[in-house]
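The entries follow the structure.

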Amino acid sequence: MHQLSIQNLQKTYANGVKAINNISLAIGTGIFGLLGPNGAGKSSLMKTIVGLQKPDSGQITFNGADVLADPTAVKRHLGFLPQDFGVYPKTSAYDLLNHLAILKGVTNSAERKEQILALLDKVNLYQHRKKEVHTFSGGMRQRFGVAQALLGNPKIVIVDEPTAGLDPEERNRFNSLLSEIGEDIIIILSTHLVEDVRNLCSKMAIMNNGTVLAQGNPEVLIAQLDGKIWQKQVTRSELKTYKQDHTVISSQFIAGKMSIRLSGDQGPDSFISVAPTLEDVYFATLNQD
Ligand SMILES: Nc1ncnc2c1ncn2[C@@H]1O[C@H](COP(=O)(O)OP(=O)(O)OP(=O)(O)O)[C@@H](O)[C@H]1O
């Protein structure tokens, strides 16, 4: 069991933006979902964890070691899958992994070869190992991304919006790969997709404006809203009225009709009580902010 502990972390950029505002998180083995809208501060938090920038104050420890005092303590155990690599060279999957493995310090060539072939097999790209990476589909690229993140057997893997742009089948395949990996190591999944967090994470945090607004087990957070979510199909003008008098946490079209959800101990007349979802937790939490 690994443990990444973040305590009272603060970071204000030179322009005055407080991107990390007194954040404390305890992250164990498994997939930890970091959920928040654009600009919430997720990337700032990731960058600070991986040592790309220093916080103004606070503490980060990994398995007891002080990460801020000794950034290599976490760096050598870290894998990173960025949102987008940007450049895909005209190099085969195998050769590119080989190159990246050397950069990661896997210097023994026999060990490197064994590790790369095992990883290609794990991410289901073994049969494509001689193909150039720039010819890969979006899903194959993301799985390649996982393979490169796992080079050197990291204990923490950070993945940033990994399923953006994947079709449903590729997304499923990618998510099942993540959940398999998350059995042994820490995966921090930064995303604004509630569905991915619901499917994958046993612990999560909701961030906005540099602050953690809620954290815990998704099921427990959902259960806290039991009996507090109300739904009704409305017209556009009704929506306006309800927005004035109630906490409308979401509105969406279902079969062409607008359906809104409110949170509160009591629903207005004609609303029905519905089972809460993680989406309700997310929107209700952001609304309270
Ligand atoms: N280097 C920087 N200098 C100044 N402000 C920054 C810097 N990096 C980020 N910010 C600001 O800090 C806030 C948090 O940004 P951050 O990128 O951490 O959010 P995010 O949750 O990762 O969003 P996204 O999903 O869009 O990447 C934003 O207001 C952003 O404009």
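I looked for the exposed side of H6 and found Pro168, Glu169, Ser176 and Glu180 there. I call a residue exposed if 12 or fewer other C-beta atoms, placed from the backbone, lie within 10 Å of its own, buried if 20 or more do, and partly exposed in between. The model is predicted, with local features needing pLDDT of at least 70 and side-chain atom pairs pLDDT 80 or more, while totals for chains, interfaces and linings use all residues. Residues are numbered from 1 along each chain as its sequence is written.

I noted the buried residues of H6 as Arg171, Phe174, Leu178 and Ile181. Seen down the helix axis, they fall within an arc of 90 degrees (taken from the directions from the axis to the C-beta atoms), so they line one face of H6.

I checked what covers these buried residues: the cover includes strands S3 (30-35), S7 (156-160) and S8 (186-191), and helices H5 (138-149) and H7 (194-200). Helices (H or I, at least four residues) and strands (E, at least two) are DSSP runs, numbered from the N terminus.

I then turned to the domains. An automatic or database assignment gives domain 1 (3-216) and domain 2 (223-288). Their contact takes eight residues from domain 1 and five residues from domain 2, where contact means C-beta atoms, placed from the backbone, within 7 Å. On the side of domain 1 that touches domain 2, H7, strand S9 (203-208) and strand S10 (211-216) each give two or more residues. H7 has the largest share of that side, three residues.

Terms used:
Contact = placed C-beta atoms within 7 Å.
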